[in-house]
Amino acid sequence: MKPRTIAASAAALLLLPLTGCGSAQAGGGSTVTVTVGYQSKTINTVTAGTLLRSLGYFEKQLNALGDDKTYKVDWQDYATGAPITAQMTAGKIDIGSMGDFPLLINAARGRQLGKPTRLVSITGYNLRGGLNTIVTAPGSPLASLADLKGRKVSTSVGSAADGTLVRALQRAGIDPDKGVEKLNQQPAVGASALSAGSADALSQFVAWPGLLAYQGKAKALYDGAQLDLPTFHGVTAREDFAKNRPAVLEAFLKAQEQATTYLNAHPVAAAESVAKATGLPAEVVYLYNGAHGISTFDPAVKPRLVSALKEDVSVLKAAKLTGDVDVDSFVDDRYVKKALGPSYARRLAAAPAPAASEVWPKGAAQTRAFATPGALLAYVARHKDGVRAAYVPDATTGTLWFADRAVWVADGATLLPFVAPATARAYVDAHAGSRVVAYADALGRAS
């Protein structure tokens, strides 16, 4: 399928006939139904979806409103942001969560159809772009982005992962429209295509790259953090819903803050909870949502993320998925500012936790952090049968990755991990005497 046809097909998804239960606007009498669209397996949104739902915080906040109404929350789970947008513009979903690129489509479609939406909070973010990764099959000869020229690459057009693919190819000197054959596929379909050999590479968002790497079904080709551009997911609400039910939206954002606090205080328990609800391995959930995970969770709408959203508009316009988007009018942090109260200013200034190496021992309720990747390897070498998962930050980007799936470089006595082979090779080329070593070799050197 040609790129323009793919783009048109993606946009057409938003125009399909819609069905769904009534929203809070449709609630009559003393019963009000609030419909929340979320993506259970997009674990960068768990504080507004999977984890929030399991903790029951939103329902508790609604019950505490004391307005003599009975509230019912209808949680609707989707694989991507596009159907959430479709349901929101039809007035069938009140609050939804999705990635930065789908958020822009949400804004554009809402404005176009006279059903405007607003970005009201952030779920998880990575300031360098590490939430999106391009992977290949384990035995693939592809070693860099340059190798993708003329190849079939699966992605979800209009998603944040597609944005990463487009920008990465452009930086590599490859025309993203003509230089590769882009396959517009849902994440699960793309994962199957990669395994079947009908796709040479897969560009996807959290948690698919980490899941496939953990399962031994893929290896990283490109770390999205190499772009050094923020990526994030956020919460969007219908404008009419926000105006007519401000107390309900504020209750949701207070509940989101509670879920965020829980996740940050109990990262292992939160990972286990999300794993149980989604069927994803807890080890993969922790890679992204852990204490030093790829994602940082904070509801505050940081100016740096808003600036990144503005830069994303040009990518979607080039793909003919949107026209101009007035980001400033789309972003509305009034509700989350009220929900978080005096702590909002502190939240805006807060920075992500520093990168660190972590081991999750078997049977443990918390992980162990190490000052260096080498120290982690020494521990793993001594406790091979007692390690549930081991995580190390990329020496260049800081992106956390599984230690046994990383590309290791020995530079004298120093052992350095990298997510992708190209960044490891770049380091070796710049540091005489260093070389890429196998994971088993790295373990031997550290023990």
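1. Strand β16 (residues 407-411) is joined to β18 by three bridges, and the two strands run antiparallel; one of these pairs links Ala 410 with Arg 435 in β18. Helices (H or I, at least four residues) and strands (E, at least two) are DSSP runs, numbered from the N terminus, and two strands pair if DSSP finds at least two bridges between them. This is a predicted model, in which local features need pLDDT of at least 70 and side-chain atom pairs count only at pLDDT 80 or more, while totals for chains, interfaces and linings use all residues. Residues are numbered from 1 along each chain as its sequence is written, and side-chain values use heavy atoms, with hydrogens and water left out.

2. The open sheet that holds this pair has three strands in the order β17-β16-β18, with antiparallel pairing. Because β17 (414-418) and β18 (435-437) stand at the edges, each with a single partner strand, one side of each is left without a neighbour in the sheet. On average, and ignoring direction, neighbouring strands of this sheet are turned by 40 degrees against each other.

3. Two helices accompany this sheet. Helix α17 (residues 373-382) packs on the sheet and touches β16 and β17, its direction making about 95 degrees with that of β17, whereas helix α18 (residues 421-430) lies across β16, β17 and β18 and runs at about 10 degrees to β16. Touching, or contact, means heavy atoms within 4.5 Å; axes are lines fitted to C-alpha atoms, for helices over the stretch in contact, and angles run from 0 to 180 degrees between N-to-C directions.

4. Elsewhere, the axes of helix α5 (residues 100-112) and helix α13 (residues 303-318) come within 10 Å and cross at roughly 75 degrees, which means that α5 is roughly perpendicular to α13 (a word used for angles of 65 to 115 degrees). Asp 100, Phe 101, Leu 104 and Ile 105 of α5 meet Leu 309, Asp 312, Val 313, Val 315 and Leu 316 of α13. By class, this contact of α5 with α13 has seven nonpolar, no polar and two charged residues, where Ala, Val, Leu, Ile, Met, Phe, Trp, Tyr, Cys and Pro count as nonpolar, Asp, Glu, Lys and Arg as charged, and the others, Gly among them, as polar.

5. Helix α6 (residues 160-171) also meets α13: their axes come within 11 Å and cross at roughly 80 degrees, and α6 and α13 are therefore roughly perpendicular to each other. Here Gly 163, Val 166 and Arg 167 of α6 meet Glu 311, Asp 312 and Val 315 of α13, so that by class the contact of α6 with α13 has two nonpolar, one polar and three charged residues.

6. Strand β8 (residues 201-205) is mostly covered, since five of its five residues are buried (under 20% relative accessible area, with a 1.4 Å probe and protein chains only). Ala 201, Ser 203 and Phe 205 point one way from β8, and Leu 202 and Gln 204 point the other way. Strand β5 (residues 132-136) pairs with β8 in the antiparallel sense over five bridges, whereas strand β6 (residues 152-155) is joined to β8 by two bridges and runs parallel.

7. Thr 123, found in strand β4 (residues 117-126), is buried, with a relative accessible area of 0%. The side chain of Thr 123 reaches the backbone oxygen of Asn 44 at 2.9 Å.

Note on methods. Angles under 35 degrees count as roughly parallel, over 145 as roughly antiparallel, 65 to 115 as roughly perpendicular and the rest as oblique. Buried means under 20% relative accessible area, exposed over 50%, partly exposed in between (1.4 Å probe, protein chains only). A polar contact is a pair of N or O atoms within 3.5 Å; within protein, one must be able to donate a hydrogen and the other to accept it, and residues adjacent in sequence count only if both atoms are side-chain atoms.
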